[in-house]
Amino acid sequence: METRGITMTEPSPYSRPTTRSQAKQVSTEEIVQPEANGSASKTKPGQWGRAWEVDVFTTIGVLALLTLIPLLVVYFHVACTHYDCALTSPLLEMRKGALTLAQLWEQVPALTWDVATIGFLWVGFQVVLFYLPDLFHLFIPGYVGGMQLGAVTPSGIQNPYNINGLQAWFISNALFVANALYFNWFSPGIVFDYRGGLLWTANLIGVSVAVYAIVKAYFFPTHAPDRVFTGNIFYDYMMGIEFNPRIGKMFDFKLFFNGRPGIVAWTIINFSMACKQYQLHGQVTNSMVLVNALEAIYVVDFFWNEAWYLHTIDMHHDHFGWYLAWGDMVYLPFMYTLQAFYLVVNPVELSWPVFTMVLLLGTSGYYIFRSVNRQKDYFRRTNGQAPIWGALPKYIDATYTSGDGKERRSKLLLSGWWGITRHMNYTGDLMQAAAWCLSCGVTHLFPYYYLVFMTILLIHRCRRDEDRCHAKYGKAWEQYMAKVPCRLIPYVY
């Protein structure tokens, strides 16, 4: 889920994206310093990445998203549980008059107290793990965990964070796997069995947290100067008002909901679906194994780089509202795991040549995604004085005006991956998304929703980010676009 921040660098060759395409680095040179009265110095419109004036069309769009996206998630659940994951079947039935809206709604699962208890216990367990001191960084070479400082906010606040996501993920997943293989406290297919009720519980929690966030922002904010009001209650509810809402000194809403209940559960959901497939069909197909493995690579990578995540757009740019609270509680765990859900209902056994090709596509996409970001980070750390792909890098010197009104210098990298396309990290992202979906075969649209969603999202983001880069770097950005004409797909687009 993308976020907003103080003055920032866009995902140009000099930015620092890290996770699922939205991440962007904030340069320490560009931090808005607090004024003498403790409030933030003024930033230019657009530097926080949100609308400063919300017109009627934006309001209509916000209301549509708040209404239709939750219904879409429920519709996907009904389509898979009652129509074998055929997305068009309910609509065709309604067109023929064989199904009414009321009858369709009756197929939506009910919320029970037992299932709600499971959902609330899960979130509570993640809260406990969130507070535990990190031990993994003490014995895992190269892993950065423990107490870390985030960026300075526009009001001059620099929050501490307890980075222990990898530890929380390992404990949670290890307990679930141990239950499935040995303890048998509950059925390992529990997520499939109670998915509908868990979906309602996640909605209840996500909406409640979003409501609490806007009430808190008005009446008892954590850092009042870091709030941004648009004057439109619907937009503020959706996109958030407070920058870093907290309870106490350590419980940070943004870090917790961005990276704990939903993403920690991602691999558990997939594994539970694999267990359910075995219960129903007596085997786990190689496609299910592939989906579990490829998506686990992304999840583990996210937690391995959680300290780096503090310097991304999610933490530097987004305020906390429904977009993050509901999105990370509902949309992420229930829509990003559609492939495994689909494979329970429609098992697919891939031929080994196809299996190998999909595996190579997914791992190559991950390699590109990660190496693009590392290459740029290496360029930054060495100030462009170390070789990339065997030669000293080429770059364009650029200047820009930062939030404090001072002129700064930057470098736009032209070598390595950044000389092939302007958003090669997004290309790797889409390769991973395509591999997850292709694991499910080609007979249904259902598992391809994620690829369609990511393609639309990233194309829109490419254009939006480049508008910001052009506004920031001016002629230097025009020179970069002339040198690197393709946005996303080499020699094509």
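Author: Ala-217 is buried, its relative accessible area being 0% (buried means under 20%, exposed over 50%, with a 1.4 Å probe and protein chains only). The model is predicted, so local features need pLDDT of at least 70 and side-chain atom pairs count only at pLDDT 80 or more, while totals for chains, interfaces and linings use all residues. Residues are numbered from 1 along each chain as its sequence is written, and side-chain values use heavy atoms, without hydrogens or water.

Ala-217 belongs to helix H8 (a DSSP run of H or I, at least four residues, numbered from the N terminus). Leaving aside residues up to four places away in sequence, Ala-217 touches Arg-227, Phe-229, Ile-241 and Glu-242 (heavy atoms within 4.5 Å). From Ala-217 to Asp-236 there are 19 residues along the chain, and their C-alpha atoms are 10.0 Å apart.

Helix H20 is the other case. H20 runs over residues 475–483, and its buried residues are Ala-476, Trp-477 and Tyr-480. Viewed down the axis of H20, these buried residues fall within an arc of 100°, so they line one face of the helix (the arc uses directions from the helix axis to the C-beta atoms). An α-helix has 3.6 residues a turn, so residues three or four places apart point the same way. Lys-475 and Ala-482, on the other side of H20, are exposed.

What do the buried residues of H20 pack against? Their partners are strand S5 (395–401), strand S6 (407–413) and helix H19 (449–473); a strand is a DSSP run of E, at least two residues.
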